[in-house]
Amino acid sequence: MSKKSFRQAINEALRQEMERDPTVILMGEDISGGTGAPGEQDAWGGPMGVTKGLFTQFGESRVLDTHLAEISFIGAAAGAATTGLRPVAELMFNDFLGTCLDQVMNQAAKFRYMFGGKAQTPLVIRTMYGAGVRAAAQHSQSLYSMVTHIPGLKVVVPSNPYEAKGLLIQSIRDNDPVIFFEHKVLYDMEGEVPDEPYAIPFGQANVTREGDDVTIVAIGRMVNFANAAADALKRQGISCTVVDPRTTSPLDVETLIETVEETGRLVVVDEANPRCSMATDIISTVASRAFDALKTAPLAVTAPHTPVPFSPALEDLFIPSQMKIEEAVRAVMARESNRAAAE
Amino acid sequence: MSEIHSIVMPKLGLTMQEGLLADWIVAEGDEISAGQHILDIETSKIANSYESPFSGKLHRIVGEVGGTYPVGSLLGVIADAATPAAAVDSFVEEFLANFKPVEAGADAAPSPETATVDGQRMRYLRMGEGEADAVLLIHGFGSDHGTWILNHGALAEGRQVVAVDLPGHGGSTKDVGGTGVSALADRVVSLSKTLGPTRFHVVGHSLGAAVAAHVADKLGASAASLTLIAPVGISADVSADFLDGFLREQRSRKLRPYLEMLSADPSMISVEMVEDVLKAKRVDGAQAALTAIREANLPGGRQSVDIRDIIAAAAYPVQVILGDRDQILPSNGTADLPPSVKRTVIAGSGHVPYLEKANEVNALIQEML
């Protein structure tokens, strides 16, 4: 095992799966360098350098630089997937989903169902999400809940380098279309990542902290904030369980219910906007399935219902923080003691 | 004047930088004897009881329960009962004034190495240097070199200590080939010939102890001693419940109860330990390799391995270390051992005494060195 960045972990997953399986191909804008790139053709490796070196190793028949039109290359990737290839397409920003939504929502997601199980679509769409880099409202959204809403798609939101490699390998080996969300702030995050290929199964949440008082469920980058909050709260005498669902579709409801049954309190942390989101989905799922286990109403820590602001000061306020999570946990602890005092 | 001793946050394992002081077992003013359990320490990797290295009166408690302290931080002061309070005060003052926590990365942990032996990759972690005979550490079923977290560094004073990943485990090949303990031992012997030292004290745990017995046997004159901790191969049965659960469960909360069978005190099993086992099992080929190794050596609830003839015939000293509350190999406590074999039963310990009672086990191993 050695320390690798989130970026390197994704690169290694792509490389190892391409070495293992000749049907795995990459498609995307500037993933090999793009027209006019200085120096070697794969000098860029995409806007974040994630696919760097893969063009050199696998050549232009397996690393395809595409034109700037998601509507056609995401559609082409979905078609290629139905005919025997395993394309990994890079949708540069998840904010561009609108330009290819029919290909994703009405085509890739529906093939297996509408062809009576006779077609499979082993397509992966890697896409970048999240606020924090002053990229403004059209390049900073967190849209995993939008695709989680659509049956036929699997949705993966890794929280660290280890998770990214294992979940991306599983995504590539899966026979259904998978949308794989990479938070742009995480690319430089480092962590222990095994050199060998490994796959993390879908629908199995990772319980990163075990506690007795509050269950914190967090998505993607927010898992790291939740872990830090749990560690700080432990020193203040509040012990938290932290659950990283890993995949929002399928969702590991069993672990959510189990952990809430142990703690009786729930805080959900989601960087996305608060309406019709993973936060609301998780809270309603727990409330309807384990209402009797809840000692107090669950709380959500989310972004406000606004576009991501371009103003740095406002953008920093927009994103859930460790402090806001700690406040929410203290609030669900306090509400119960208020009620106990009133009774 | 007698010496004043500091009790500091211990470094449990290579990567530890800070630890949580979970509990003081003794009170200020108590008379402490060396080896007495005085503190509980928790890190993300392991929860461990800490034994006092010194005898004397616990004059001062500095570290508070629930506090997180960097490695080396002053937690308490032990000295002769007659030591005046003023001397303890100035000792504490001076310690705190001079204490600087080691910065992250300043003493970077050694990295595992890999070697190709018999055409296959073997990973191992080497610590320590020196001319004395080296030590080989061989982990048990489903584990890897990292399990020696509390032993590896302690044994590596003045000698090389090499902890291997057995085939099918850790970072070693998942293309196991022969799955019996003798075949696994062949790979370890081949690796040992690439390491440099010519003689080895061989230490193994559980299934790795059965491998260790074969390694020592194959090394012949190059074997200096053999230490077998909760070994497979001296009794007949094994917990099928543990092995089935260990192999089957893919989620931390489902796997945990089985891992908790390993130690007498289940709270020793940390979140990270459970996660490390899951990570190891997820590596391509690991599940198949582990299943094959289990079938070859521990089918059903039975041990198909017997090392008693080997250890009876050994020309080097052999010891067996057992826990009195071992749930994995429940009949080891009543096993017949050859009279030449030194046997130590560690009270209050389960299947992993090298983790549960690390100081005692380290001392027993050191006696052989």
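A nonpolar core is here a set of buried Ala, Val, Leu, Ile, Met, Phe, Trp, Tyr and Cys residues joined through side-chain atoms within 4.5 Å, where buried means under 20% relative accessible area with a 1.4 Å probe, protein chains only. The model is predicted, so local features need pLDDT of at least 70 and side-chain atom pairs count only at pLDDT 80 or more, whereas totals for chains, interfaces and linings use all residues. Residues are numbered from 1 along each chain as its sequence is written, chains are lettered from A in the order in which they are written, and side-chain values use heavy atoms, without hydrogens or water.

The largest nonpolar core has 107 residues, and Val215(B), Leu226(B) and Leu228(B) have the most contacts inside it. Helix α4 (residues 207-219) of chain B, a DSSP run of H or I with at least four residues, gives the most to this core, with 9 residues. Because domain 1 (4-98) and domain 2 (113-368) of chain B both contribute residues, this core lies between them; the domain bounds come from an automatic or database assignment. A second, separate core of 44 residues includes Ala89(A) and Ile125(A).

Turning to the interface, chain B and chain A bury about 1900 Å² between them, 40% of it on carbon and sulfur atoms, buried area being the accessible area (1.4 Å probe) that two parts lose on being put together, summed over both. In chain B, Arg251(B), Arg253(B) and Arg282(B) lose the most area to chain A. Across this interface the rule finds 9 salt bridges, each a side-chain nitrogen of Lys or Arg within 4 Å of a carboxyl oxygen of Asp or Glu. Arg253(B) forms one with Glu262(A), their closest N and O atoms being 2.3 Å apart.

Notes: Buried means under 20% relative accessible area, exposed over 50%, partly exposed in between (1.4 Å probe, protein chains only). Helices (H or I, at least four residues) and strands (E, at least two) are DSSP runs, numbered from the N terminus.
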